Amino acid sequence: MNLPQIMQYGLSGITVGSVYAIVAVGFNIIYNTTGIINFAQGEFLIVGAMTAISLSHVVPLPVAILGAVLITTALGGLIELVFIRRVRDASVLRLIIVTIGLSIVIREAMLHIWDEKPWSLPYFTGTSSTTVSILGAYISVQVLWVLGVSAVIVTALTLFFRYTTTGRAMRACSDDRMAARLCGINDRWMVTLSFMLSAGIGALAGCVISPITQTQYDMGATLAIKGFTVAILGGLGNSMAAVAAGLFLGLLEALVVSQFASAYKEVVAIVVLLLILVFRPSGLFARRATSVRTA
Amino acid sequence: MRLRIYYPVIAAALLIVVLHLALAATGKTFYMTQITMSAYYALVVIGLCLLMGYAGQISLGHAGFFAAGGYTVAVLTTCNLNGLRQTPLVEWLSRLGVLVSWRDLYGNEVLSVSPWPAFIAAILLTALIALAIGLPVIRLKGHYLAMATLGFGLIIYRLALGAKVLGQADGISGVPAFHLLGELQINGRTPFRIQNYYIAWSAVLVAMVLALNLVNSRVGRALRSIHQSEEAAHSLGIDTYRYKLATFILSAVLAAAGGAMLTHYNGSIGPSEVTVMKSVRYLAIVAVGGMANLWGAMIMGILLNFLSLRGVFGSFDDAVFGAILIGIMLFAPQGLLRVPKLQVLTSLLSRRSHG
Amino acid sequence: MRMRVASVLCVLAVACGLVLSGCEKSPDASGPGTPAATSPAATKPATDAAPIKVGAIFAVTGPASFLGAPEEKTVKMFVEKLNQAGGVNGHKIELLVRDSGASPEKAISMAKQLIDEEKVLAILGPSTSGETLQIKNICQEAETILLSCAAAEEIVIPMASYVFKTPQKDSQAAQWIFNTMKDLGIKKIGVITSNTGFGKGGKAQLEKMAAENGVEILVNEVYEKEATDLTGVLTKVKGAGVQAVVNWSIEPAQGIVAKNMKQIQLDVPLFQSHGYGNIKYVQASGDAADGTIFPCGRLLVADELPADHPQKAVLTQYKQDYEAKYKEDASTFGGHAYDAILILTEAIKKAGSTDKKAVRDAIENLQGVVGTAGVFNFSPQDHNGLGLDAFEMLTVKGGKFAFYKK
């Protein structure tokens, strides 16, 4: 293998990995506040992208995306108020089940709203064949958009969770909800806020990846499983690590494709995940054995 | 006194006969086809109920065990060894009496493993897989366990889609009937409808007896204590890990048995049996039944699968299951059978509200 | 414990009641929430003979909905029009559509329902080859006609006397691709296929026929049908130094292949299969799709056909009707369902009866039926009835389908 080819595999891994990473970030926001995993996160992406695609027929692209993010944010809040908040005796098992149910219902609703066809947003800059060349290999400009948006989101989230009062309050809720409430934190509102935030970020992610992946009503589950894998690989709750883990998984898959057959890349990804779960459940990048929750 | 727990089994057996008579009287015996299929799915649900309701372990990969059973019998009973007759392995198997020669629908002669050895192999293989997966995975909790079982299901799904011997996307068809004993056989053709109705129900009742026996034994009490507080159970000297692992394997074996028998009944199996959505459906059914309620899970397993297989939900099939998951968790976390209004009804029937 | 016994009894009794009352309520068993089943009962023929029951199993929802949805719409449209015109031989057609969600086990259950309960004359569909292969034996044993809309050759080989299929054969599509390669002097190719029944069938034919056509397959990879980026696989293809790429799949991934090839500057011709028959896939890949070569039926280029072409009238009529009624582009997938119901009605006309055996015999002897996929000439040896001439090499020009000329 020559250098351009190795580079090309690397860039291909980054393309796939950037998608995984941006999906995984959304998982961590809700996890950081509530300690639950939202299995409907993948659907937030698709709802966001689909809404933007519909809006883009009437308004310019940036406005359409903004509109889609706002609408999905509202949807996220609504879902928390109407469903999550009402779950009685909210154990992890119950909440997992509710979010799985939500993901199915949202997906089926989308089938009846946007039908079964694949849609996509236009490339943000240039066309589908616009590429950047690095050392003889090529990468789509849209991938740079995905990486850029991920970086901005992760930085903003890190600052938010670390330095703002609201962010700290949200983290407090995750650590010990009762204690947080005793400190005068409105824990219910924090949970709602986290759903809104992750829905909005999911929608943005859905829009940014739509030109690369196309958008179809039933893609959410596949994306969510990958995002969930990456979130666990990085260590639940750690957004920065999630991005690293996403790129790691993407590169690993590219390596499998280059050396073996692409048919096995999914299996390899899952086997790695199972190994991580068994031997290092707190994630690839955790310094301690216990779970780390710095956003 | 312990016999008391089996009274419902006798009642259920009677009801099964009554249902048959009712169907026959109304000329609707064709419903038996879907009831039979649903009964095999109910085996998975009973196993999952033991695992989730009593041992408190979530599994998002139970369709994987179902498929492990189904695919094993499908491969063994359809793989044609005719060309390999002279090889030592085939000769040895032939002498052992595990091979059978038969003709398929197109008149071709097939030499394959006969159904009973195939069935036993399927059960043993699944138990081994469950042991290998369970050993490390059972230690995990919450999301990590959910993810690990989901991952296991995905691996089986990928194998089914990727391996040539498993038929890839098309699955395996042309699986022969399963001759159980004398004239009894698992066979999906119309003339065998009534006997298959009873075969499937017998399998369900046997599974129920097994499961009831387990939850009412020492093991069952241990499991319940694990579910309530694992630390407390542990401090009482209960080997929580071993009990959970045993339950995991038992529930996998029940799923595999269901998969193997349904594969013979349908004459085929495909990768759609191993999707995440399938595992989620089993989960939904256990939730509707009321988690730690074997009878509830079994009844819902049959009822919901029956309606789904008949296409009653039309294009809203998946949506119905999703809505059920949400609705139950929101409004009736103890399951549909424990909803107060229904309880009034049941107490009227039983004349004693507690027993 | 007594409590639990009682509740079990109660619920079982309720369940029985539901089941029994359910069957009283809906003898046509379409059930609630089955928008699929048209209700021809409402337009009951006043004087005509009894309606002919025809079943259909399509993957209207689920992972193959891009096949099942247009198929369902097409068949409903066809039957509606036919019944308005008085039906066939004075019988109206009563269409019973079931949504299998692309699950073979549901297809099995639904096939048994249609055969045992509804006593249908024939079943149209299913949409995917996995489902078709799993109900093939059931239909054969019950002697009910099956007109599959799926591609795999195993549907008609080995031949079951009651099983037919309407899409063109994979081997014929592969032959067209190899012929075109010969014209272009292409000897070394990379093959990528999706892990669906369609991809599997195509891969098998390409592997089988490559050598005899003087073509060498250097890279042969399978990708998941949900793939969202294929630059990795294509890098491998590029590294092998191929002269052309063949992609055989039926999902949206077809659009991604074209894009990714342009992105990594893999500048060799891209051949797609006859699964590329949906303009959405072209639109999804933007200008990258230009120049893609693929064999396909003539539906996509109906407007450009010469007026005297035998298929012209059928194709333009179907296209106009479909696009007017459903406000979306017609696809070749819907066309396969059109052909299935067309063949059935032609056979009923010819047989002059609604006896299963008579209609089956009639299908086997149908000659010169002009459908969307081509002109069907069935025989006892050929249950597909399409020749090599059913295909045309097409290409994409300026985001539209056009005839391919060297």
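What covers the buried residues of H6(A)? In this predicted model, in which local features need pLDDT of at least 70, side-chain atom pairs count only at pLDDT 80 or more, and totals for chains, interfaces and linings use all residues, the cover includes helix H1 (3-34), helix H5 (141-163), helix H7 (177-182) and helix H8 (187-213) of chain A. Residues are numbered from 1 along each chain as its sequence is written, while chains are lettered from A and ligands numbered from 1 in the order in which they are written.

Helices (H or I, at least four residues) and strands (E, at least two) are DSSP runs, numbered from the N terminus. A residue is buried if 20 or more other C-beta atoms lie within 10 Å of its own, exposed if 12 or fewer, and partly exposed in between, with C-beta atoms placed from the backbone. Helix H6 of chain A spans residues 165-175, and Gly167(A), Ala169(A), Met170(A), Cys173(A) and Ser174(A) are buried in it. Seen down the axis of H6(A), these buried residues fall within an arc of 160 degrees (taken from the directions from the helix axis to the C-beta atoms), so they line one face of the helix. An α-helix has 3.6 residues a turn, so residues three or four places apart point the same way. Thr165(A) and Asp175(A), on the other side of H6(A), are exposed.

Chain A as a whole contains 11 helices and two strands, and its elements follow the order α-α-α-α-β-β-α-α-α-α-α-α-α from the N terminus. The radius of gyration of chain A, taken over C-alpha atoms, is 19 Å, close to the 19 Å that the globule rule (2.2 Å times the number of residues to the power 0.38) gives for 295 residues, so chain A is as compact as a globular protein of that length. Along the principal axes, the C-alpha atoms of chain A fill a box of roughly 60 × 50 × 35 Å. Of its 295 residues, 61% count as buried. Two residues are in contact if their C-beta atoms, placed from the backbone, lie within 7 Å; among the contacts in chain A with a separation of 6 or more, 76% join residues 24 or more positions apart.

Chain C is divided into domain 1 (48-168 + 331-389) and domain 2 (170-296), with bounds that come from an automatic or database domain assignment. The C-alpha centres of these two domains of chain C lie 30 Å apart, and 12 residues of domain 1 are in contact with 12 residues of domain 2. On the side of domain 1 of chain C that touches domain 2, helix H4 (129-142) and helix H11 (332-351) of chain C each supply at least two residues.

Some backbone details of chain C are also of interest. The peptide bond from Gly125(C) to Pro126(C) is cis, with omega near -5 degrees, and Pro126(C) sits in the loop between strand E3 (122-124) and H4 of chain C. Another cis peptide bond joins Ile157(C) and Pro158(C), with omega about 5 degrees. Ala102(C), although not a glycine, has a positive phi of about 65 degrees, and counts as buried with 27 C-beta neighbours inside 10 Å. Lys327(C) has a positive phi near 55 degrees, but is exposed, with 7 other C-beta atoms within 10 Å.

As for confidence, the predictor gives the complex an ipTM of 0.88 and a pTM of 0.89.
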